[in-house]
Amino acid sequence: MSVSIDNVFVKQFEADVHLAYQQMGTKLRSTIRSKTGVVGASTTFQKVGKGTASTKSRHGIVPVMNLNHEPVECILQDYYAGDWVDALDELKTNVDERRVVASAGAYALGRKTDELIVDAMKNATNSVGDYSKELSRDIILSAVEKLNANDVPDDGRRFAVVGVHQWNVLLTMDEFVSADYVGDAKPLVGGFEIRKWLGINWVLYNALPLASNSRDCFIYHASSIGHACGQEVKTDISWHGERAAHFISNSMSQGAVLIDNDGIVRVKCSDITPVASTK
C-alpha cells in the first residue's frame, strides 16, 4: 500500500469519526456551557455574582458593583477508543468496515462526553420529587419554581434531560404534546429532537442515573454546567505487519464541572408505572 493511499484512508476515517460524533455521538454537550481549545490539565470557569445598581450625586463617582468572582476549576481527562481492522477481512465483507469502526469509536467517545456531563450534574443539591412516584406535572412545576426563585434566566437556554419512561409520561400530558402549547418539535445541534414546554427544552437521554427503579432527571440552565475540551476527537491509524491489520485509535481530552448549583434541579422519580389498585 502506498503512503499516499494510506493518508487518504486516515483522512477519510477521521472525517467519518468527526461526523458521527457530532451527529449522534453526544446529546448533552450542546445544552451546556462549553469551552474548546483548552491548553493544560485544567481550565477555569468564572462564576460571577449579582451586581447592585445605585444612585450617585451630580459630578460624583459612579458606584462600583464589586462583583464577586468565584473561579470553578474543571479537570480534563484523556479518553481512548480503538479497534483492529484486519486487511483481509475488508476484502471478504460487503460492509464498510472503516465506517462501522469509525461510528463505534465516535459513539463511545460521545457517550463518555455525556457521562462526564451527567457526573457533574449529580453534584447538584437542589432537588424535587420522590423516588416512589412517577414524574408528574406538579413535580415539574416545583422544579421550575425553584429555578425562578433562584432568579435563573428564562432566556430559552433552560434544558431538561429525562429518561425513556419519563419521556413516555410526558407524552401523556396534553400540554407537552399539543402544538397549542409546544409548537412543532425542533432539532437541536447534534441532530436529535427536542420539545419546548414551559420555556424548557426537553431532551430524551437514556443513561441518566438509575438505582433499582429510582431515576434522577435534571432541569437546568445551560450556564450552570461547564464542559471543557483540550482535544476534540482525534484519530490515529497505524499498520501492524505482525497482525496484518490496522489499529484505529480515537482519543479526546475533556472534562465537565458544576458551575452554579442554583441553576440546576435534580428531579427524583420512579422509573416504573405504579400498579393500580384493584380495590
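Is C217 buried or exposed? I looked it up: C217 is buried, with a relative accessible area of 2%. (Buried is under 20% relative accessible area, exposed over 50%, partly exposed in between, with a 1.4 Å probe and protein chains only.)

Before going on, a note on what I'm reading: this is a predicted model, where local features need pLDDT of at least 70 and side-chain atom pairs count only at pLDDT 80 or more, while totals for chains, interfaces and linings use all residues. Residues are numbered from 1 along each chain as its sequence is written, and side-chain values use heavy atoms, with hydrogens and water left out.

Next, I checked for disulfides (pairs of cysteine sulfur atoms within 2.5 Å). My search of the whole structure turned up 0. C217 is in none, and its nearest cysteine sulfur, in C269, is 4.0 Å away. That is too far for a bond. C269 is buried as well, at 0% relative accessible area.

Last, I listed its partners (two strands pair if DSSP finds at least two bridges between them).

- β14 (residues 264-270) runs antiparallel to β11, joined by 7 bridges; F218 has R266 as its bridge partner.
- β6 (residues 158-162) pairs with β11 in the antiparallel sense over 4 bridges, and F159 partners Y220.
- β10 and β11 form a hairpin with 2 residues between them, and S212 in the turn has a positive phi of about 60°.
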